[in-house]
Amino acid sequence: MKRVHLVGIGPGSPGLVTMRAAEAIRSADVIRHPGGVDVAILALARPGALIGAFKEWEEIVQLSRHDHRVAVLYRGDPFIFRAGAALAAPLPAAGVSFAVVPGCLGQPAAPATPGLPPHLPPNPRASRRPR
């Protein structure tokens, strides 16, 4: 069983959290997240889960060594801005098993937003070269 899950929560809308991400959040004893995460996403946690801001990877190692199931949340996908890689790198050396739960990125999710077109019409002025 993986003790740490690096969980992508998408662009921030609770409706764009994947089922796999929601399950990882629900099954965690401890949840660490970046600031500004929607309260509805954190509400997916089971009763009694310890929820708080992510500070450092050493805390994640200590929590997992004490048999806690830890979910570390990331906006978008854990590896899009290398933050997930920064945590994933030291975990195996510390003897901690982990799994990655990919998240939806903002750009592909934009068409799911009501009223936002999937593409913009061409701008005739944008294709002109300056003279």
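A: In this predicted model, Ile31 stands opposite Ile51 in strand S3. The two strands concerned, S2 (residues 30-33) and S3, pair in the parallel sense over four bridges. Strands here are DSSP runs of E with at least two residues, helices are runs of H or I with at least four residues, and both are numbered from the N terminus. Two strands count as paired if DSSP finds at least two bridges between them. In general, strands of a sheet pair through backbone hydrogen bonds, either parallel or antiparallel.

The pairing of S2 with S3 belongs to an open sheet of five strands in the order S3-S2-S4-S1-S5, with parallel pairing. Its edge strands are S3 (50-53) and S5, each of which pairs on one side only. Neighbouring strands of the sheet are turned against each other by 20 degrees on average, direction ignored; the axes are lines fitted to C-alpha atoms, for helices over the stretch in contact, and angles run from 0 to 180 degrees between N-to-C directions.

Strand S1 (residues 4-8) has four of its five residues buried, where buried means under 20% relative accessible area, exposed over 50%, and partly exposed in between, with a 1.4 Å probe and protein chains only. Five bridges join S1 to the parallel strand S4 (residues 70-74), and Leu6 stands opposite Val72 in S4. S1 also pairs in the parallel sense with S5 (residues 98-101), over four bridges; there, the bridge partner of Val7 is Val101.

Two helix residues complete the account. Ser64 lies in helix H3 (residues 57-65) and is counted as buried because its relative accessible area is 0%. Apart from neighbours within four places in sequence, Ser64 is in contact (heavy atoms within 4.5 Å) with Arg3, Val4, Val70 and Val96. Ala40 is located in helix H2 (residues 39-42) and counts as partly exposed because its relative accessibility is 37%. The C-alpha atoms of Ala40 and Gly15, which are 25 residues apart along the chain, are separated by 9.4 Å.

Residues are numbered from 1 along each chain as its sequence is written, and side-chain values use heavy atoms, with hydrogens and water left out. As the model is predicted, local features need pLDDT of at least 70 and side-chain atom pairs count only at pLDDT 80 or more, whereas totals for chains, interfaces and linings use all residues.
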